[in-house]
Amino acid sequence: MSEEADLREARRFSMSLPMRVLSREANDKELHASTRDVSYRGLYFIAETKFDVGSQIEFVLTLPQKISSAGEVDIRCRGQIVRVETSSNGHIGVAAKIERYEFVPAGAAA
């Protein structure tokens, strides 16, 4: 088993979910990204913007109806960036630890 696998505390599921990274500044735009894998403790997502390791992040994941069976559900999360990787195609891979989350009705102001 690799060292990285030893650090994982929860089973990860490979799934591409839309996500919105919420801005900390009122005049900044939300960033749109997509997950590569998710667990209840963390996630890895692909973005076009660089993030700083150790920085706090707030984001909203949208679970589609086929997963939740009750219509789309948004999960608002707060966490911390733990790893950033740059790929050859210019995209940024970001690993984040989830510290807190709450379910909110899809489309509700997040």
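**Notebook: strands, salt bridges and core**

**Entry 1: β5 and its partners.** I started with β5, which pairs with strand β6 (residues 73-86) in the antiparallel sense over 8 bridges. Pairing here calls for at least two DSSP bridges between two strands. Strands (E, at least two residues) and helices (H or I, at least four) are DSSP runs, numbered from the N terminus.

A note on the model before going further: this is a predicted model, in which local features need pLDDT of at least 70 and side-chain atom pairs count only at pLDDT 80 or more, while totals for chains, interfaces and linings use all residues. Residues are numbered from 1 along each chain as its sequence is written, and side-chain values use heavy atoms, with hydrogens and water left out.

Back to β5, I looked up its other partner: strand β2 (residues 18-21) pairs with β5 in the antiparallel sense over 3 bridges. Phenylalanine 59 of β5 is the bridge partner of valine 21. On the β6 side, glutamate 58 has arginine 78 as its bridge partner.

Is β5 enclosed or open to the outside? I found 7 of the 8 residues of β5 (residues 56-63) to be buried, so the rest of the structure largely encloses this strand. Buried stands for under 20% relative accessible area, exposed for over 50%, and partly exposed for anything in between (1.4 Å probe, protein chains only).

**Entry 2: glutamate 58 and two arginines.** I then checked the charges around glutamate 58. A salt bridge needs a side-chain nitrogen of Lys or Arg within 4 Å of a carboxyl oxygen of Asp or Glu. Glutamate 58 makes one with arginine 76, with 3.0 Å between the closest N and O atoms. Arginine 76 sits in strand β6 and glutamate 58 in strand β5, so this pair ties together parts 18 residues apart in sequence.

Arginine 78 also forms a salt bridge with glutamate 58, at 2.9 Å from N to O. Here too the residues lie in β6 and β5, so the link joins parts 20 residues apart in sequence.

Arginine 76 is partly exposed at 23%, and arginine 78 is partly exposed at 29%.

**Entry 3: other salt bridges.** How many salt bridges does the structure hold? I got 7. One of them pairs glutamate 30 with arginine 20, the closest N and O atoms being 3.2 Å apart. Glutamate 30 is in the loop between β2 and β3 and arginine 20 is in β2, so the pair connects parts 10 residues apart in sequence. Glutamate 30 itself is partly exposed, at 34%.

I also came across a network of salt bridges that links Arg12, Arg36 and Asp37. Aspartate 37 belongs to strand β3 (residues 31-38) and counts as buried at 8% relative accessibility. Its side chain makes a polar contact of 3.1 Å with that of arginine 12. A polar contact is a pair of N or O atoms within 3.5 Å; within protein, one must be able to donate a hydrogen and the other to accept it, and residues adjacent in sequence count only if both atoms are side-chain atoms. Beyond its neighbours within four places in sequence, aspartate 37 is in contact (heavy atoms within 4.5 Å) with Arg12, Phe13, Ser14, Met15, Leu43 and Tyr44.

**Entry 4: the nonpolar core.** A nonpolar core is a set of buried Ala, Val, Leu, Ile, Met, Phe, Trp, Tyr and Cys residues joined through side-chain atoms within 4.5 Å. The largest one here has 21 residues, and Met19, Leu43, Phe45, Phe51, Ile57 and Phe59 have the most contacts inside it. At least two residues of this core come from each of β2, β3, β4 (42-47), β5, β6 and β7 (92-105). I followed up methionine 19: setting aside neighbours within four places in sequence, its contacts include Leu43, Phe45 and Phe59.

**Entry 5: the whole chain.** The protein chain has 2 helices and 7 strands, in the order α-β-β-β-β-β-α-β-β from the N terminus on. Buried residues account for 35% of its 110 residues. Glutamine 65, in helix α2 (residues 65-68), is a contrasting case: it is exposed, at 53%.
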